[in-house]
Amino acid sequence: MEFDDVVLGRRSIRGYLDKPVPQALIREVLGLALRAPTSYNTQPWNFFVVSGAVLDRIRRGNVERTLAGVPDSREFRTGPDYAGAHRERQIGVAKQLFAAMGIARDDKAGRQDWVLRGFRQFDAPVSIVVTYDRAIYGSDVAPFDCGGVVNALVNAAWSRGLGCVINSQGIMQSPVVRAEAGIPDDQVIQTCVAMGWPDDSFPANAVVSHRRSVDQAAVFVGFDD
Ligand SMILES: Cc1cc2nc3c(=O)[nH]c(=O)nc-3n(C[C@H](O)[C@H](O)[C@H](O)COP(=O)(O)O)c2cc1C
């Protein structure tokens with residue numbers, strides 16, 4: 001696949017075929033992602049690739065604790081609630097997804113089901129938990145580096161026919177993820193990426209989210225043309 005086809009074609013995948021992903025293919029995708037740049041080439045990240053019964057226990061624990069009202073225990077600062085343009089964009093993509101799925105505004109059960117799917121990592125066959133070394137906890141650079149590698153990861157996966165969704169909901173109950181995946185204390189959990197073969201009949205998979213234009217996002221300074 002051409003670079004443009006990957007970048008322009010990729011979208012988050014939230015419905016997967018019930019078909020395993022070969023470990024060799026995940027290794028190939030990770031190998032590509034690991035070419036991502038990092039600050040001083042520190043490569044502070046690690047990947048815990050989870051599948052099968054372990055992933056099912058993570059899903060169960062995540063859902064049970066969330067339904068029981070256990071507060072979010074993600075291991076990073078989330079900052080203030082989104083407002084203004086950020087909130088509008090957040091609502092914009094949610095509207096696109098709900099429209100595709102036929103979930104009406106007042107359909108509380110449908111909305112709840114959608115949220116729980118997220119906590120189940122959309123029933124993907126694989127979840128890649130991305131961590132970084134606790135020795136540099138407190139630096140904003142490490143999460144930045146993780147963002148770079150995760151972007152490379154989802155694009156590399158797409159180039160091989162695999163779909164992903166970066167899934168903050170999946171690590172909302174980080175102690176469950178840590179215990180089940182055997183993540184040592186010297187690692188900080190940053191995010192997880194659900195991965196699998198896209199189910200093309202799943203309506204939300206067709207959603208193409210909007211982007212700001214270059215003119216809206218960029219300022220050019222010092223150019224003559
Ligand atoms: C840090 C991060 C966390 C995300 N967490 C979730 C999530 O918990 N649930 C979800 O459905 N999508 C999640 N997403 C996916 C975004 O909603 C998605 O990337 C965005 O709407 C743009 O859509 P696209 O990926 O299809 O281009 C997350 C993306 C990022 C980068």
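Guide: One cut-off before we start: a residue is called buried under 20% relative accessible area, exposed over 50%, and partly exposed in between. Keep in mind that this is a predicted model.

There are eight salt bridges in the structure. Let's start with R160 and E28, whose side chains come together at 2.5 Å, N to O. E28 has a relative accessible area of 38%, so it counts as partly exposed. R160, at 34%, is partly exposed as well.

Now for D140 and R77, a salt bridge with its closest N and O atoms 2.9 Å apart. Here too distant parts of the chain are linked, with D140 in the loop between β2 (126–133) and α6, and R77 in the loop between α3 and α4 (84–101), 63 residues apart. D140 is exposed, because its relative accessible area is 54%. R77 reaches 70% and is also exposed.

Then there's a local one: D56 with R59, where the closest N and O atoms are 3.1 Å apart. Both are in helix α3 (residues 52–67), and because they are three residues apart, about one helical turn separates them. The two partners fall into separate classes: D56 is partly exposed at 37%, whereas R59 is buried at 10%.

Definitions and conventions:
Residues are numbered from 1 along each chain as its sequence is written. This is a predicted model: local features need pLDDT of at least 70, side-chain atom pairs count only at pLDDT 80 or more; totals for chains, interfaces and linings use all residues. Side-chain values use heavy atoms; hydrogens and water are left out. A salt bridge is a side-chain nitrogen of Lys or Arg within 4 Å of a carboxyl oxygen of Asp or Glu. Buried means under 20% relative accessible area, exposed over 50%, partly exposed in between (1.4 Å probe, protein chains only). Helices (H or I, at least four residues) and strands (E, at least two) are DSSP runs, numbered from the N terminus.
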